[in-house]
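Please open the model in your viewer and keep the selection panel at hand. The tour below goes from stop to stop, saying what to select and what is there.

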Amino acid sequence: MKTSYRNLLLVIAVLAFAMNRSANLQAQASPWKKHIVHEGVHTVTAVGGNFSGDELPDVISNSGGKTRLFVAPNWKEIILDETPGYDCIHSESFDVDDDGDLDFIGARYSPGLIFWLEQPEKPLEQKWTLRVLDDQLNGIHGLLKGDVDLDGKFDLIANSGQPKGPFHNSVGWLRVPSDPRATSQWDRYIPALHDAPGLSHYMGIGDVNGDGRPDIATAAKGGPQADPGTGEWFAWWEAPADPRKNGWNKHLIADNQPGATNIHPADVNGDGKVDFIASRGHGRGVVWFEAPDWKIHVIHPTLMEPHCLAAVDMDGDGDIDAATCAYGDKIAAWFENDGKGNFTTHVVGTDQAAYDLRAFDMDNDGDLDLLIAGQASQNVVWFANPRVE
């Protein structure tokens, strides 16, 4: 009788804990209001920006073989391009042709292809011209803008993660030519030549070793789709004096990291050294690695498939936080840094899958919101940051 009674009390306690945890998750999620941009199509990438010239942030996504512009505030849809075969796995946006407006850059995974769409003078009325900028990188999973050569202009970093093709198992960067409208192929440089095996994913850029030059990091998921014995690592490549030349030295941050996908350099604990925030987007967990020996610290141990990752100051307190949306658990969350590398999890939304996430001020109120390409949720949404100054 006593044993049965104790078991009953244990069951009640477990149920109470589960109910309280669920209530806490919903309470944490409720301040972040969810806004729906688009529904009904499997979408893996979306970017925010002022694409219509009215100072309101718009959204460009690629889904169902179409590149779509959604114009704020009512999210009117305009098809920018529907050329067959131009399905994007990732995208970026910056002023490619230096004419004062934002253009769109998209990448197809395999056969590898990177293209850009030029924003015309009247972006809601005129055709956006499509131009291919590279067709030799293969297995392009991530695009990242950054000034690799320190000339004051954005370059484009892209991986070539498939184990086949002229730049197999590599990471490259592409320099915008002086006249990108008249040049079919951008100048291509390969920092990680054939030494990034295991299906690499997304990149990070920053000066890791304090020499004044931007270094490049990436991660490889490994697993059954990769060549046996490859992947499951995080690493960074140290830039030489001239980033256009060979001599980028590889440094392993950690191996035995199943599902590794994202890695961003940042001073996490405020000690003046550059650490890394990372996620295992085809596995479980969000972590950070402490410089100089890359000691691993857990941000969230069990979050399932946090495929996207942003390392930014979400709450405006001067330190670097993190945010993700885990497509396995269907949870969007941000992780509050206390400035010393201790993180508190805040749930932004539930029942929301994602492949791609961007921290971007979607409502022009001065803080960072979260824009999500909904993958299995078949949507594009954004969550409004409720931060009060």
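This is a predicted model: local features need pLDDT of at least 70, side-chain atom pairs count only at pLDDT 80 or more; totals for chains, interfaces and linings use all residues.

**Stops along the chain**

Begin by selecting Pro-292, which is found in the loop between β20 (284-290) and β21 (295-304), where strands (E, at least two residues) and helices (H or I, at least four) are DSSP runs numbered from the N terminus. Residues are numbered from 1 along each chain as its sequence is written, and side-chain values use heavy atoms, with hydrogens and water left out.

Next select Ser-110 and Pro-111, which are joined by a cis peptide bond with omega of about -5°; Pro-111 is found in the loop between β7 (103-108) and β8 (113-118).

Now display the open sheet of four strands, whose order is β2-β3-β4-β5 with antiparallel pairing, two strands being paired if DSSP finds at least two bridges between them. β2 (43-49) and β5 (76-81) stand at the edges with a single partner strand each, so one side of each is left without a neighbour in the sheet. From one strand to the next the twist averages 25°, the axes being lines fitted to C-alpha atoms and the angles running from 0 to 180 degrees between N-to-C directions. Between β2 and β3 (residues 58-63), which run antiparallel, look for six bridges, and select Gly-49 to find it opposite Asp-58 in β3.

Move to Trp-75, in the loop between β4 (66-71) and β5, which has a positive phi of about 60° although it is not a glycine. Trp-75 counts as buried at 15% relative accessibility (buried is under 20% relative accessible area, exposed over 50%, partly exposed in between, with a 1.4 Å probe and protein chains only). Then select Glu-232, in the loop between β15 (215-220) and β16 (233-238): its phi is also positive, near 65°, and Glu-232 is partly exposed, with a relative accessible area of 26%.

Which residues line the largest cavity? Select Gly-161, Pro-163, Asn-169, Pro-197, Gly-198, Leu-199, Ala-226, Asp-227 and Thr-230 to see its lining.

Technical notes. On a 1 Å grid over the protein atoms alone, a cavity is a set of points where a 1.4 Å probe fits but cannot get out, and a pocket is an open set with protein on both sides within 12 Å along at least five of seven lines; lining residues have an atom within 4 Å of a point.
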